[in-house]
Amino acid sequence: DERVAREWGVPRERVAAAVVRLRSEDLTAREAASGDLQALGRQAIPQLVSAYKAEKDAEARSRLTNLLIEHKAWDALPELMERRIDMFFEEFRKALAEEDEQDFDGYASWDSPEDEDAWSMEPYHDPAFLSNLKNGEVAAIPSAMKRVAERLLKTDLPAPMRSQFAALLAFNDCGPAHETVLQLRDAATDAESKAFYTVALGWSDDAKAKEAVYQSLASKHNFIRRGAFLAVERMRDPEVVTRLLDRTGDGDFETRWNAGFTAGVITSGKLELNAFLPDAEFEAQVKAARQWWEANKAGFKLKAAR
């Protein structure tokens, strides 16, 4: 600790004295102490963390927490990351509410994902929506997205806003949250949310999550199938290709087309399958694709959309 203090150039005595004043019964003294510690800047983070861990006084701990938050020392303590996730959740919700009042689309939109028309096949999302949030970087932390999903499961939100949170999980790595995502999908009552949650499952390497995606490729619901095809684009499991080739025989044209197109995407164009061709030609393509895949799958690296 002495070495750290010397390296950062922060006198230990100055920090210790200010921390003592954080416990003062005099509000003015507490405010002054907080100001003194804040003035030390980020170089005082190691000592502020040590002081927080040793502090018993609730008022002092709260002020030390606020200082660390101001310094954006999110990784210094688990408690700080929890606070940041809470701040992000509320900030995202507030931003969605403001967008709704102005009749904007919010973070993402998926126009009638259950509709049979081709324009309903894929969603749109706006990455700038997150970059405009103070804590938008939280979305890039998979473990944080897990906590967001867990909080979402316990939070009562209107359906349109829930679909926006579902999109948040769909477009940002939430792999650790796969169990919660499955629960959220089961509980969802609207097609858009279910579709987004299905997409979100593609972030996980968990066997249960992957099997849920594979089963969703054959769902009777358009929106589930569409979400599943987007999910497999993120998966790096060689089984994906076999499952896609199996779907090329589906009775639904869109499913056949999606299966062939997605197989081409994740194999970087090595498989060329065009469901618009006459049946005999398409079947010949599928047969050739199966033969190529069996010969090359052992060492082939799939392209994942991350």
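This is a predicted model: local features need pLDDT of at least 70, side-chain atom pairs count only at pLDDT 80 or more; totals for chains, interfaces and linings use all residues.
Colleague: At roughly what angle do the axes of helix α4 and helix α5 cross, and within what distance do they come?

Modeller: The two axes, α4's from residues 45-54 and α5's from residues 58-70, cross at roughly 150° and come within 10 Å. Axes here are lines fitted to C-alpha atoms, for helices over the stretch in contact, with angles from 0 to 180 degrees between N-to-C directions. Helices are DSSP runs (H or I, at least four residues; strands are E, at least two), numbered from the N terminus.

Colleague: And what makes α4 roughly antiparallel to α5?

Modeller: Under 35 degrees counts as roughly parallel, over 145 as roughly antiparallel, 65 to 115 as roughly perpendicular and the rest as oblique. The crossing is at roughly 150°, so α4 is roughly antiparallel to α5. The crossing is left-handed, meaning the near helix is turned anticlockwise from the far one by less than a right angle (clockwise would be right-handed).

Colleague: Which residues make that contact?

Modeller: From α4 come I45, L48, V49, A51 and Y52, and from α5 come R61, L64, T65, L67 and L68. Contact means heavy atoms within 4.5 Å. By class that gives 8 nonpolar, 1 polar and 1 charged. Ala, Val, Leu, Ile, Met, Phe, Trp, Tyr, Cys and Pro count as nonpolar, Asp, Glu, Lys and Arg as charged, and the others, Gly among them, as polar.

Colleague: How do you know how α14 runs relative to α16?

Modeller: Helix α14 (residues 239-247) packs on helix α16 (residues 279-296) at about 165°, with axes 11 Å apart. That angle makes α14 roughly antiparallel to α16. The crossing of α14 past α16 is left-handed. V241, T242, L245 and D246 of α14 meet V286, A289, R290 and W293 of α16; that contact has 5 nonpolar, 1 polar and 2 charged residues.

Colleague: What about helix α10 and helix α11: at what angle do they pack?

Modeller: At about 160°, with axes 9 Å apart, for α10 (residues 178-187) and α11 (residues 191-200). So α10 is roughly antiparallel to α11.

Colleague: How many cavities of 30 Å³ or more does a search of the whole structure find?

Modeller: It finds 1. A cavity is a set of points, on a 1 Å grid over the protein atoms alone, where a 1.4 Å probe fits but cannot get out; lining residues have an atom within 4 Å of a point. The largest cavity holds about 60 Å³, a volume being the space filled by probe spheres set on the points, which are joined across faces, edges and corners. Its lining includes M121, E122 and R226, and α13 (222-232) and α15 (253-266) each supply at least two lining residues.

Key. Residues are numbered from 1 along each chain as its sequence is written. Side-chain values use heavy atoms; hydrogens and water are left out. On a 1 Å grid over the protein atoms alone, a cavity is a set of points where a 1.4 Å probe fits but cannot get out, and a pocket is an open set with protein on both sides within 12 Å along at least five of seven lines; lining residues have an atom within 4 Å of a point.
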